[in-house]
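Please examine the sequence and the three-dimensional structure shown below. The paragraphs that follow lead through selected features, beginning with the packing of helices.

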Amino acid sequence: MQKNVTVAVDAMGGDNAPAEIVKGAVEAINEHKDLKVILVGDESVVNRELASYSYNKDQMEVIHASEVITNNEHPVAAVRSKKDSSIVVAQRLVREGKADGFVSAGSTGAVLVGGQFIVGRIKGVERAPLAPLIPTTKGFSLLIDCGANVDARASHLVQFAKMGSIYMENILGRKNPTVAIVNVGAEEEKGNQLVKETMPLLKACDDINFIGSIEAREIPNGGADVIVCEAFTGNVILKLYEGVAMALLKKVKQGLMSTFRSKIGALLAKSALKKTLKEFDISRYGGAPMLGLNGLVVKSHGSSDATAIKTSIAQCITFARQDIPGKIREHIKDPKADEVEGKAHKKES
C-alpha cells in the first residue's frame, strides 16, 4: 500500500489564479485517488471555482486565507506582516505535518523566504536551492540553482551537487547521474573565483559522479544530468532558455505560414512538429522544487496553467513517497552534530 499524500496549494498565487490553479488541483485528484489537495485562499472565491467541477469531495479541502502576497511586495516584510496570506498559511501546514508538500505560482521571493523560515532547512543544509528540470535533446537535466542563492559559496555548490544527484536518482530514476559545473570553458584552469574554488571540492566527492565543467551551449544537448551553478547564472540560463524557445517557435510559425507550399508542408508535418515542441515545453516538467527543506516546496511558473499546476502537484507525490528529505539528511552532514560527536569522543578518551 502506498501512503496517501496531502499537498497544500496556494490558490491565489500566479497570473492565472484562482481559475487555473483550482482546475489543476481538480485534475490532479481525479488522476490520483490516493492524493488529497488543500486549496488555501479566499474561501468564497475558491468554492465558486470548485462549483464548476466534479470530483471526490473527500480528496479536496479548502482553508481560508484572507490575504495575498503580490509580486511587488518585499518578500521578507510580506511574509512577516501577512500571517494570514495564502503562501504563509499553506507553508505552515507543511511545517506542522498537515501537508507533505506545497505548490505555488505566486511571488517567488515570498515562496523562497517562507521555505527557508517557515518550512525550515534540514540541519546541515547551508542553503536551499531552486532546482527546475529543463528539456534537452536527451530528455531533461536538473538546473541547480536557478533563483534562490545569487551569492553562493563553494560549500553551497557542493551541497547543491549532492542534493541534485539524490533528486535525479530517486525521483527521476537516473542511476549514478552525471554532475557538471557551469563554466566558460572545459579547461580546469578557466572560470571565476567561485568555480575555481568549487572544482577541487567536487572532484573530491566520492558520492557524486562529477564530470567537470560544462559550457552553456552543451546544456541543451544533455551534457550532464545535474547542472550546478549559483542562482545568478542559473536564472540567466533558465530565462534565456525560455526566451530562445519562444523566439524559435515564433520564427518557425512565420516560416510555415509564409507561402502556400510551406502551409501544405506544415499540415503534413503538424503531428511530428507538435510532438517535438511538446518535448521542449518547460511547463510539462512541473515547477522548481526547493531542495534541502523539511518538506517539499515547489515553485511553479507565474504564468502556470492547469496542466503545469497538476504536474507540480504530482511532483509532490513522488517526492513524499521517495522521502527525499530523509535521503538528503543521510548525505548532508550537520557540522554541529560532528562537532558534538568529536567533543564526546575526546571526553571518552
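At what angle do helix α1 and helix α2 pack, and how far apart are their axes? The model under study is a predicted one. In this model, helix α1, which covers residues 19-31, packs against helix α2, residues 43-50, at an angle of about 55 degrees, and the two axes lie 9 Å apart. An angle of that size makes α1 oblique to α2. The crossing of these helices is right-handed. On the side of α1 the contact is made by A19, V22 and V26, while α2 contributes V46, E49 and L50. Sorted by kind, the residues of this contact comprise five nonpolar, no polar and one charged.

A second pair of helices may be described in the same terms. In general, two packed helices are described by the angle between their axes and the distance between the axes. Helix α6 spans residues 154-171 and helix α11 spans residues 324-331; they pack at an angle of about 140 degrees, with 10 Å between their axes. This angle makes α6 oblique to α11, because only angles over 145 degrees count as roughly antiparallel. The crossing in which α6 passes α11 is right-handed. Which residues meet here? From α6 come K162, M163, I166, N170 and I171, and they meet I324, K327, I328 and H331 of α11. The contact of α6 with α11 consists of five nonpolar, two polar and two charged residues.

The next topic is burial. Helix α5, residues 108-120, bends by about 35 degrees at G114. Is this helix mostly covered or mostly uncovered? Ten of the 13 residues of α5 are buried, and the helix is thus mostly covered. The buried residues are A110, V111, L112, V113, G114, G115, Q116, I118, V119 and G120; G114, the site of the bend, is therefore buried as well, since its relative accessible area is under 20%. Among the elements that cover the buried residues of α5 are the helices α3 (75-81) and α4 (86-95), together with the strands β4 (101-104), β10 (288-290) and β11 (296-299).

Helix α4, one of these covering elements, is itself mostly covered, with eight of its ten residues buried. The buried residues of α4 are S86, I87, V88, V89, A90, Q91, L93 and V94. Just after α4, G97 has a positive phi of about 80 degrees.

N149 is placed in the loop between β6 (139-144) and α6. Why does N149 count as buried? Its relative accessibility is 6%, and the cut-off for a buried residue is under 20%. When neighbours within four places in sequence are left aside, N149 is in contact with Q116, R127, A128, P129, F160, E230 and A231.

T318 belongs to helix α10, residues 306-322. With a relative accessible area of 31%, T318 is partly exposed. Between T318 and C229 there are 89 residues of separation in sequence, and the distance between their C-alpha atoms is 25 Å.

The backbone also deserves attention. Most residues other than glycine have a negative phi, and most peptide bonds are trans. Which bonds and residues depart from this pattern here? Among them is the bond that joins A17 and P18, which is cis, with omega about -5 degrees. P18 lies in the loop between β1 (5-10) and α1. The peptide bond from I144 to D145 is also cis, and its omega is near 25 degrees.

Positive phi values occur at N176 and D323. N176 is not a glycine, yet its phi is positive, about 50 degrees; this residue lies in the loop between α6 and β7 (178-182). D323, likewise not a glycine, has a positive phi of about 50 degrees. The place of D323 is the loop between α10 and α11. Is D323 buried or partly exposed? A relative accessibility of 40% makes D323 partly exposed.

Key: Residues are numbered from 1 along each chain as its sequence is written. This is a predicted model: local features need pLDDT of at least 70, side-chain atom pairs count only at pLDDT 80 or more; totals for chains, interfaces and linings use all residues. Side-chain values use heavy atoms; hydrogens and water are left out. The bend at a residue is the angle between axes fitted to the seven residues ending there and the seven starting there. Helices (H or I, at least four residues) and strands (E, at least two) are DSSP runs, numbered from the N terminus. Buried means under 20% relative accessible area, exposed over 50%, partly exposed in between (1.4 Å probe, protein chains only). Contact means heavy atoms within 4.5 Å. Axes are lines fitted to C-alpha atoms, for helices over the stretch in contact, and angles run from 0 to 180 degrees between N-to-C directions. Angles under 35 degrees count as roughly parallel, over 145 as roughly antiparallel, 65 to 115 as roughly perpendicular and the rest as oblique. A crossing is left-handed if the near helix is turned anticlockwise from the far one by less than a right angle, and right-handed if clockwise. Ala, Val, Leu, Ile, Met, Phe, Trp, Tyr, Cys and Pro count as nonpolar, Asp, Glu, Lys and Arg as charged, and the others, Gly among them, as polar.
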